[in-house]
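Have a look at the sequence and the model first, then read on.

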Amino acid sequence: MVKEEEIQGLADEIKKANKIFLAGAGRSGLAARGFTNRLLHMGFDVHFVGEISCPPIKEGDLIILGSGSGTTQSLIVMGEKAKKVGARIATVTMFPTHTIGEMADVIVTVPGSTPKKAEGEKNLAESNQPMGNLFEQMSWLTYDSIIMNLMSDLGQTSEEMMGRHTNLE
């Protein structure tokens, strides 16, 4: 249900970026953290916003904002700051016409359901799962699909990625 051209579009943006920043709140943020980790394993200069080691965002960088609702205030502020310095913005969201989608250069629309939708607005999919579970799960799978595209595009193997895995476990 996620369009391949949107997945490839984000993969292409990632390949062009000087640095890659990811952000998300709550469980969407946990999925974004997992994606951050895999991008690190691929050798990208990648950072999760809010970590003490996160450098400043600059022109030529990319920030990926994971927000089911597309209206998470803290992520909107990050997007505004990124735009101000000339960075590109991507989002993984259910609602591409909401605030974050409106400011994004690249959008990956992921199906899901959320109690945070506007009155009269329809979810992109229905689920018996609570709250935003479906979006969070679909985000994780979407991020993994982007990794698979990047592996193919860059000719990277799982073994090469494992060479960048932490050895401090």
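## Starting from Leu39

Leaving aside its neighbours within four places in sequence, which residues is Leu39 in contact with? The list runs Ile14, Ile20, Leu22, Phe44, Val46, Ile147 and Leu150, where contact means heavy atoms within 4.5 Å.

A word on the ground rules. This is a predicted model, so local features need pLDDT of at least 70 and side-chain atom pairs count only at pLDDT 80 or more, while totals for chains, interfaces and linings use all residues. Residues are numbered from 1 along each chain as its sequence is written, and side-chain values use heavy atoms, with hydrogens and water left out.

## The overall layout

The chain has six helices and five strands, and their order along the sequence is α-β-α-β-β-α-β-α-β-α-α. Helices (H or I, at least four residues) and strands (E, at least two) are DSSP runs, numbered from the N terminus.

Of the 169 residues in the chain, 47% are buried. Buried here means under 20% relative accessible area, exposed means over 50%, and partly exposed is in between (1.4 Å probe, protein chains only). The accessible surface comes to about 8900 Å², with 53% of that belonging to carbon and sulfur atoms; the areas come from the Shrake-Rupley method with a 1.4 Å probe. Take the contacts with a separation of 6 or more, and 65% of them join residues 24 or more positions apart.

Thr36 sits in helix α2 and counts as buried, at 10% relative accessibility. Not counting residues up to four places away in sequence, Thr36 touches Leu22, Val46, His47 and Phe48.

## Charged pairs

Side chains of opposite charge can pair when their charged atoms come close. How many salt bridges does the structure hold? The count is eight, each being a side-chain nitrogen of Lys or Arg within 4 Å of a carboxyl oxygen of Asp or Glu. Lys15 pairs with Asp12 at 3.2 Å, N to O; both lie in helix α1, three residues apart, about one turn of the helix. Lys15 also forms a salt bridge with Asp153, the closest N and O atoms being 2.9 Å apart. Because Asp153 lies in helix α5 and Lys15 in helix α1, this pair ties together parts that are 138 residues apart in sequence. Lys15 is partly exposed at 34% relative accessibility, and Asp153 is partly exposed at 35%.

Arg27 lies in helix α2 and Glu136 in helix α5, so the pair ties together parts that are 109 residues apart in sequence. Glu136 counts as buried at 14% relative accessibility, whereas Arg27 is partly exposed at 47%. Finally, a network of salt bridges links Glu13, Lys16, Lys83, Arg88 and Asp105.
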